[in-house]
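Welcome! Take a moment to turn the model around, and then let us walk through it together.

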Amino acid sequence: MPSTAATASFKFNHTMIRVKDPKASLHFYTEILGMDLLSEKKFDDFTLYFLGYDHSGSSQTAEEKQATVFHREALLELTHNHGTESDANFQGYASGNSDPGRGFGHIAIAVDDVDKACARFDEMGVTFKKRPTDGKMRHIAFILDPDGYWVEIVPGSIRLD
């Protein structure tokens, strides 16, 4: 059903995933995938981190980034429940790609050149789930974040035939 007057202002704002160690996750999403940390909000038991890409070419202050979080589309929210990073008994979160907990599949990042991006990921020691040379779909890759969530790497232009 197409957009109606009642839904014309709706936007897909963000997806949330839980993370064990925010330092490792923030390094992965900012340094490896190049996202900007837009907002960090600490609560008593948990902290929220909102990340996304800014292709506007403008420089924003931390306050300006914070103010735009709920006006933007396609952000990633990392939720850290305090204490998981140092709990030896913590078993981690279900990635959604295996039982139990199958459901959520992955997030996807579009890049100009999948092979070049994957070469960079290799140099940075990123774990691959699927390389572009594996399987039937040779134009995509899957890498794993520190919690085992799958991140699909896709070309900016793709035909699904």
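Y29 touches I17, G34, M35, L51, L76, L78, I107, D145 and V151, leaving aside residues up to four places away in sequence; a contact here means heavy atoms within 4.5 Å. Before going further, please keep in mind that this is a predicted model, in which local features need pLDDT of at least 70 and side-chain atom pairs count only at pLDDT 80 or more, while totals for chains, interfaces and linings use all residues. Residues are numbered from 1 along each chain as its sequence is written, and side-chain values use heavy atoms, with hydrogens and water left out.

Y29 also belongs to the largest nonpolar core, which has 26 residues; Y29, L78, F121, I143, V151 and I153 are the ones that touch the most other members. A nonpolar core is a set of buried Ala, Val, Leu, Ile, Met, Phe, Trp, Tyr and Cys residues joined through side-chain atoms within 4.5 Å. Buried means under 20% relative accessible area, exposed means over 50%, and partly exposed lies in between (1.4 Å probe, protein chains only). At least two residues of this core come from each of β1 (14–19), α1, β3 (46–52), β4, β5 (106–111), α3 (114–123), β7 (141–144) and β8 (150–155). There is also a second, separate core of five residues, with L38, F50, V69 and L75 among them.

Next, look along helix α1 itself, residues 22–32, where P22, S25, L26, F28, Y29 and I32 are buried. An α-helix has 3.6 residues a turn, so residues three or four places apart point the same way. At the start of α1, a side-chain oxygen of D21 comes to within 3.0 Å of the backbone nitrogen of K23. After α1 comes G34, with a positive phi near 75 degrees.

Now step back to the chain as a whole. Its secondary structure comes to three helices and eight strands, where helices (H or I, at least four residues) and strands (E, at least two) are DSSP runs numbered from the N terminus. Starting at the N terminus, the elements run β-α-β-β-α-β-β-α-β-β-β. The C-alpha trace spans about 50 × 45 × 35 Å along its principal axes. Of the 161 residues, 35% count as buried. Among contacts with a separation of 6 or more, 59% are between residues 24 or more positions apart.

R72 is buried yet has no salt bridge, and the nearest side chain of opposite charge, D54, is 5.1 Å away. For charges, Lys and Arg count as positive and Asp and Glu as negative, while His and the chain ends are not counted. A salt bridge is a side-chain nitrogen of Lys or Arg within 4 Å of a carboxyl oxygen of Asp or Glu. Not counting residues up to four places away in sequence, R72 touches F12, N13, L38, G52, Y53 and D54. A74 lies in the loop between α2 and β4 too. Its phi is positive, near 60 degrees, in a residue other than glycine. Most residues other than glycine have a negative phi, and most peptide bonds are trans. A74 is exposed, with a relative accessible area of 58%.

The side chains of K42 and E40 meet in one, at 3.9 Å from N to O; K42 is exposed at 60% relative accessibility, and E40 is partly exposed at 40%. R131 and D122 form another, at 3.0 Å from N to O; here R131 is partly exposed at 32%, and so is D122, at 39%. R102 pairs with D99, their closest N and O atoms being 3.6 Å apart, and both of these residues are exposed.

D99 leads us to our last stop, as a cis peptide bond joins D99 and P100, with omega about -10 degrees. P100 is in the loop between β4 and β5, and G101 has its place in that loop as well. G101 is partly exposed, at 45% relative accessibility. Apart from residues up to four places away in sequence, G101 touches A94 and G96. G101 and M35, a contact of Y29, are 66 residues apart in sequence and 27 Å apart in space, C-alpha to C-alpha.

Definitions and conventions:
Polar contact = N/O pair within 3.5 Å; in protein donor to acceptor, adjacent residues only side chain to side chain.
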